[in-house]
Structure formats: C-alpha cells, structure tokens
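Have the chain in view as you read.

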Amino acid sequence: IESRREGDVVVIHCEGRITLGLATNTLRNLMREALEGGAQKLLVDFGGATQLDSTGIGELVGALSLAHEKKASMKLVRMPPKIRELLRITRLDTVFDVREDLEEALGSFR
C-alpha cells in the first residue's frame with residue numbers, strides 16, 4: 001500500500017490482501033495522515049487488491065467518517081469484483097462513491 005499525489009488528490013494504491021494486520025494498519029495510517037494533514041480529496045485505488053476483510057471495510061468506514069468531519073471527499077476506484085460484491089452485500093456501495101476508471105475518478109473531484 002502506497003500513497004502519492006495526483007495534483008490535489010491523494011491517491012492510496014492497494015495491492016494484494018488488505019486483511020487484519022499490517023495491511024489494514026498501513027491503509028488506516030495513510031488515510032488518516034492524508035485527511036488529518038489537510039487533504040480535501042482522497043482516492044483509494046483497489047486496482048491491485050485481491051482481498052478485503054471486515055477489518056479493511058471498518059477502516060474505510062472510519063476514514064469516510066473522518067473525511068466527512070474534515071469536509072473532505074473520499075472515493076474508491078477499481079474495485080475487483082469480489083471486493084465490489086462485499087460492498088454490495090454490506091450495502092456500503094450506497095455509502096461510498098465507487099468509480100470504475102482511475103482517470104475518470106480523478107476528474108470527478110473537480
């Protein structure tokens with residue numbers, strides 16, 4: 001999991017399994033650092049992710065709550081079908097702004 005800037009958008013790119021332990025801790029820390037550091041646009045890219053567990057879902061919900069508190073925007077992009085289905089089952093697909101294409105997601109902030 002790594003963080004980078006694309007203009008004024010902080011992009012957090014996820015690879016592999018985002019499950020209890022180091023991966024979810026890293027995801028949480030990067031999202032919080034961005035939002036608490038003043039980022040107003042946060043995009044979490046799951047293009048390289050293979051799995052997301054309930055801990056990862058919880059971290060996303062916590063970050064979305066923090067984003068709302070900070071008056072920031074948070075979006076998710078390139079969700080693999082398995083993770084997209086998890087969001088659908090938990091009805092979080094109605095809470096998160098989920099985009100298919102990275103360029104389109106970046107442009108949607110403007």
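## A sheet and its core

D45 has V77 in β4 as its bridge partner. Right-handed here means that, with the strands pointing away from the viewer, the path from the first strand over the helix to the second runs clockwise. Strands (E, at least two residues) and helices (H or I, at least four) are DSSP runs, numbered from the N terminus.

Before going further, a word on the source: this is a predicted model, where local features need pLDDT of at least 70 and side-chain atom pairs count only at pLDDT 80 or more, while totals for chains, interfaces and linings use all residues. Residues are numbered from 1 along each chain as its sequence is written, and side-chain values use heavy atoms, with hydrogens and water left out.

Now zoom out to the sheet. Five strands make an open sheet in the order β1-β2-β3-β4-β5, with mixed pairing; strands pair if DSSP finds at least two bridges between them. At the edges sit β1 (2–6) and β5 (97–99), each pairing on one side only. Here are some bridge partners:

| Residue | Bridge partner | Strand of partner |
|---|---|---|
| L42 | M74 | β4 |
| D45 | V77 | β4 |
| V77 | R99 | β5 |

β3 and β4 run parallel and are joined by five bridges, and β4 pairs with β5 in the parallel sense over three bridges. Together with α3, β4 and β5 make another right-handed β-α-β unit.

Is D45 buried or exposed? At 1% relative accessibility, D45 counts as buried (buried is under 20% relative accessible area, exposed over 50%, partly exposed in between, with a 1.4 Å probe and protein chains only). Its side chain makes a polar contact with the side chain of H13 at 3.0 Å; such a contact is a pair of N or O atoms within 3.5 Å, where within protein one must be able to donate a hydrogen and the other to accept it, and residues adjacent in sequence count only if both atoms are side-chain atoms.

β4 is largely enclosed by the rest of the structure, because four of its five residues are buried.

Finally, the largest nonpolar core holds 31 residues, and F46 is one of those with the most contacts inside it. Such a core is a set of buried Ala, Val, Leu, Ile, Met, Phe, Trp, Tyr and Cys residues joined through side-chain atoms within 4.5 Å.
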